[in-house]
Amino acid sequence: MHIEGLPLLSDNYAWVLTPQSGNGCAVVDPSEAGPVIEFLESRDLRLEVILATHHHWDHTGGIAGLLEFFPEAKVFASEIDAKHFAGTTDFIGDGDVFELFAEEVHCLHVPGHTLGAVAFYCPKSKAVFTGDTLFTAGCGRLFEGTPEQLCHSLLKIRELPEDVLVYCGHEYTQKNLNYALHVEPENAAVQARLAEVDNQRAQGRPTVPALLKTECETNPFLRSDDGALQAAKGCSDAVSLFAHLRRGRDSF
Ligand code: ZN
Ligand code: FE
């Protein structure tokens, strides 16, 4: 599949997925319909599938409008989160696998940001769509779940192959890296990535997607089970370090 980001609202990304041939396409997390329809029309693409990582309006707000334009489109969403918005045709849960443009899509239930949040993992394309659960260099806020849930959800995503690209729902990398550096001022990998991201942003370039390997090295929320980091922050286990880091980020 070819994957292209569409910047929407102030800092959201919807992801447009197209197969090698044909004019079908899928879109992940359309926050608004107008710009997506405009984009698809400019490419002569027909929307066949919508994937929703979670129920928040800035990820689902465009679904109703897209369905008016493409009434045949299927909507895949978590059986838990789907009750918060209209249009879901295929209710998914953890471990479900479906086919999209001759590729497997694996559904991972990753609660914490919302109770039904899912990540869509496409092994063949080496891509994972994480919504607001795992951000590049950070993670989403705890709106509905517990620190324990989100901590485990992130460690579950970390189990994917390290050459997978992380496609998240917002352009938050720069702010997240400033926080990561605040957490570990001496971390050379964080320093280097921040310099690169500052440069990308100064040129108005997107910083998403990012390699999972890079995330494992520079995203503090993926390192909650790191004994040295736990000790440095006076925490005794992964969940308490995760909760400590998340609290710090909330007020950063
Ligand atoms: Zn959200
Ligand atoms: Fe969001």
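Before the details, a word on conventions: residues are numbered from 1 along each chain as its sequence is written, while chains are lettered from A and ligands numbered from 1 in the order in which they are written. Because the model is predicted, local features need pLDDT of at least 70 and side-chain atom pairs count only at pLDDT 80 or more, whereas totals for chains, interfaces and linings use all residues; side-chain values use heavy atoms, with hydrogens and water left out.

Let me begin with the metals. The zinc ion (ligand 1) is coordinated by H54 (NE2), H56 (ND1), H113 (NE2) and D132 (OD) at 2.2 to 2.3 Å, where donors are N, O and S atoms within 2.8 Å of the metal (3.2 Å for Na, K and Ca), and since water is not among the atoms, sites may look incomplete. Along the chain, these zinc donor residues follow the spacing H-x1-H-x56-H-x18-D. The angles among the four donor atoms run from 87 to 170°, and the zinc site is irregular; four donors count as tetrahedral if all angles lie between 85 and 135 degrees, four count as square planar and six as octahedral if opposite donors are over 155 degrees apart and all others between 65 and 115, and anything else is irregular.

What connects the two sites? D132 bridges the zinc ion (ligand 1) and the iron ion (ligand 2), which lie 3.3 Å apart. D132 sits in the loop between strand 10 and strand 11, and H56, in the loop between strand 4 (46-51) and helix 2, is 76 residues apart from it, so that the pair links distant parts of the chain; helices (H or I, at least four residues) and strands (E, at least two) are DSSP runs, numbered from the N terminus. Is D132 buried or exposed? At 4% relative accessibility D132 counts as buried, and H59 is buried as well, at 0%, where buried means under 20% relative accessible area, exposed over 50% and partly exposed in between (1.4 Å probe, protein chains only).

Turning to the pockets, on a 1 Å grid over the protein atoms alone, a cavity is a set of points where a 1.4 Å probe fits but cannot get out, and a pocket is an open set with protein on both sides within 12 Å along at least five of seven lines, lining residues having an atom within 4 Å of a point. The largest pocket has a volume of about 240 Å³, with grid points joined across faces, edges and corners and the volume taken as the space filled by probe spheres set on the points. Of its 15 lining residues, H113, F135, R141, F143 and Y172 lie nearest the centre, and H113 is also one of the zinc donors.

The second largest pocket, of about 170 Å³, takes the largest share of its lining, four residues, from helix 6.

Finally, an open sheet of six strands has the order 7-8-9-10-13-14 with mixed pairing, two strands pairing if DSSP finds at least two bridges between them. Its edge strands are strand 7 (97-100) and strand 14. Strand 7 pairs with strand 8 (residues 103-109) in the antiparallel sense over four bridges, and V97 stands opposite H106 in strand 8.
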